[in-house]
Amino acid sequence: MNTTVSSAEQAQQDIVDEFAFFGDWTERYQYLIDLGKQLPPFPEDLKTEAYRVHGCQSMVWLVPEGNAAQLHFQAASDSAIVSGLIALVLRVYSDRSAREIVDTEPRFIDAIGLAKHLSPTRSNGLAAMLAKLKAYAAAAL
C-alpha cells in the first residue's frame, strides 16, 4: 500500500481508479472484503461503548488518536463488508490534519457506485461512521 499518499483527495482518486478495474459488483464486494481482512488487528480492550459507532447494523468501533495536526484512527467491525468500508474510510481520512478531515467530502462513495450498492442499513452505518470521524476531527480543531 502506498503510504506516501499526498492528500485525502488523492487517496479518494486512487480508490476510484482501483474500483474501476473490477467489472461487476461481485468482484467489488470481494475486493472490499479483502481490504477489510488487511486492517491491522484491533485491540479487544478498545471495543467499548465509548468508541462504538451507533447507527450501524453491525458492530463498529472507531478510536481517534493524535491532535489537530494529525489524527490517526483505528477501527473495526464484526462484518466483512463493513470492515472493507472501514479500510477505505481510513485510507482517505486517517493520518490527516483535522482541518483536511473536516474539509474532505467522501466523494469516493458515489464515484465507485457504493451509494447505489449498499443496503440502506449499511449506507446509514457508513454515514454514521463518517459523521463520528468528522466530529472527532472538529473537536480537535
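At what angle do the axes of helix α2 and helix α3 cross, and within what distance do they come? In this predicted model, local features need pLDDT of at least 70 and side-chain atom pairs count only at pLDDT 80 or more, while totals for chains, interfaces and linings use all residues. Residues are numbered from 1 along each chain as its sequence is written, and side-chain values use heavy atoms, with hydrogens and water left out.

**Packing of α2 and α3**

The axes of α2 (residues 25-37) and α3 (residues 80-93) cross at roughly 75° and come within 7 Å. That makes α2 roughly perpendicular to α3, a class that covers angles of 65 to 115 degrees, with under 35 degrees counted as roughly parallel, over 145 as roughly antiparallel and the rest as oblique. Axes are lines fitted to C-alpha atoms, for helices over the stretch in contact, and angles run from 0 to 180 degrees between N-to-C directions. Helices are DSSP runs of H or I with at least four residues, numbered from the N terminus.

On the α2 side, Y29, Y31, L32, I33, L35 and G36 meet A80, I81, S83, G84, L85, A87, L88 and R91 of α3, where contact means heavy atoms within 4.5 Å. The residues of this contact divide into 10 nonpolar, 3 polar and 1 charged; Ala, Val, Leu, Ile, Met, Phe, Trp, Tyr, Cys and Pro count as nonpolar, Asp, Glu, Lys and Arg as charged, and the others, Gly among them, as polar.

**Salt bridges**

A salt bridge is a side-chain nitrogen of Lys or Arg within 4 Å of a carboxyl oxygen of Asp or Glu. By this rule the model has 5 salt bridges, including those tabulated here.

| Pair | N to O distance |
|---|---|
| E9 and R107 | 2.8 Å |
| E18 and R91 | 2.8 Å |
| E105 and K134 | 3.6 Å |

E9 lies in helix α1 (residues 8-20) and R107 in the loop between α4 (98-103) and α5 (108-111), so their pairing ties together parts 98 residues apart in sequence. E9 is partly exposed at 36% relative accessible area, and R107 is partly exposed at 33% (buried means under 20%, exposed over 50%, partly exposed in between, with a 1.4 Å probe and protein chains only).

The salt bridge of E18 with R91 joins helix α1 to helix α3, so parts 73 residues apart in sequence are tied together. Both E18 and R91 are buried. R91 is also one of the α3 residues that meet α2.

In the salt bridge of E105 with K134, E105 lies in the loop between α4 and α5 and K134 in helix α7 (residues 120-140), so the pair ties together parts 29 residues apart in sequence. E105 counts as exposed at 52% relative accessibility, whereas K134 counts as buried at 17%.

Technical notes:
Helix = DSSP H or I, 4+ residues; strand = E, 2+ residues; numbered from the N terminus.
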